[in-house]
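Please look over the following model before reading the notes on its overall build and on one of its sheets.

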Amino acid sequence: VDAMRDGAEISVSAGVYRLTAPLRITNSIALKSVCGASATVIEGDGSGRCVYMTHPTAWLNGFSITKGYSATGAGVYCRSGLIQDCVISGNQSPPGGEGAGIGVYCVSGVVQSCSILANTAAVAVARGVGLYAEDSRVDGCRMAYNDGGAGTVYGLGAYGARSEFRSCAITRHTFNQAAACYGAGLYSLGGLVLNGTIADNSVAGNDASVAGLYAAGNAVIRNSVLQGNTKSGSPDNWYDSGAASYSYCCSVPALPGAGNMTNDPGFWNPAAEDYHLRPLQSPCVDSGSNEAWMAQARDADGHQRILAGIVDRGAYEYLKGPLACNFDVAPPAGPAPLSVTLTAVMAGENQDQLYCKWDVNNDGAADIQGLGLLCVTQVYSSVGVYSVSLTVSNAAGESVSCAKTSCVAVGWAHYYVAPSGS
């Protein structure tokens, strides 16, 4: 790679490329996989970082990058350049000292459409275990399951210093240590968070820890969803240590600023890590504030950022498409006889004449069916655990099914006896 002339493009066939030294990209070249990240792996030897980039027009595209080992940028160390369509996971730091960006360390660069997952820090102080971004732009990336070890962490998913995060989803980080974690989702120091989804991150063990967003140094947060983050089981979506500004966000408690709301964002299925928006039930659909950068921008799925005239809040734009279904169960448990309400949640462009078939014990036979039966009630009289499935078809002949295993639990009725009779 070092021998290539500026302007060269190197196409890499599918395979696992095991390194004995870091891959260095110090000139103006494009290193691109032919078959994408799922089939093309850059694998470190566990003794040093995987990729080292230092040219403003260098381009790394379409690789899985894993088993790097360094306190900074074990997966990718980037001082200028573009990292695109990569999966950076399973990289680690050595123990002790300080570290930053174990997955990706990026200064004055761009990280675009990447998944940064399950990278691990063992240092005493870490800034951005998944991603460290300084004077950089991060577009349409997903960060999840990064691990901060037992040290102090500033941004378990990501740390941004004067950096711009657009349409990023930062979810599913957990920190249960005596040390503090300042933002299990994101630590933003004087940067921009635009159309972000920061959800289902959790902390426990230190009262100073923050689960969702830690905003410092005049950070600006717009069109973002900060929900479902918890500290010791209680909501903990954001903390403002400076003078951050917020607008058109969705979070609890209420954020100061124009257009903010506290509604349930209506994620499609967060239990299955699906943070897309429910089309007819999410208040975040078509309720954001349009900005100039969105004209050519993409969401976290790579779809056009504005699809219906007004941008959606969060990382994902609602996309009309084929018929899709999900359903809610309420209540999911209780004593017999238990009356359960099953409510279908539909998506798709054609929702005319929806015909529903509910199989309330998932035995393959429809128990309740009919046109428009999107909400039904079933009484479970016998003690047991039940699975439920739903099949929906429309006037165009589309048909879709979904099922939930062990979603209804029916127990024995409880009776209480006391000498006083009450």
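Two strands are said to pair if DSSP finds at least two bridges between them, and strands themselves are DSSP runs (E, at least two residues), just as helices are runs of H or I with at least four residues, all numbered from the N terminus. This is a predicted model, in which local features need pLDDT of at least 70 and side-chain atom pairs count only at pLDDT 80 or more, while totals for chains, interfaces and linings use all residues. Residues are numbered from 1 along each chain as its sequence is written, and side-chain values use heavy atoms, with hydrogens and water left out.

- Strands of a sheet pair through backbone hydrogen bonds, either parallel or antiparallel.
- Strand β20 (residues 152-154) runs parallel to β25 and is joined to it by 2 bridges, with Y182 in β25 as the bridge partner of Y154.

**The chain as a whole**
- The secondary structure of the chain consists of 0 helices and 47 strands.
- The C-alpha atoms fill a box of roughly 80 × 60 × 45 Å along the principal axes.
- Of the 422 residues in the chain, 51% are buried (under 20% relative accessible area, with a 1.4 Å probe and protein chains only; exposed means over 50%, and partly exposed lies in between).
- Where contacts (heavy atoms within 4.5 Å) link residues at least 6 apart in sequence, 68% of them join residues at least 24 apart.
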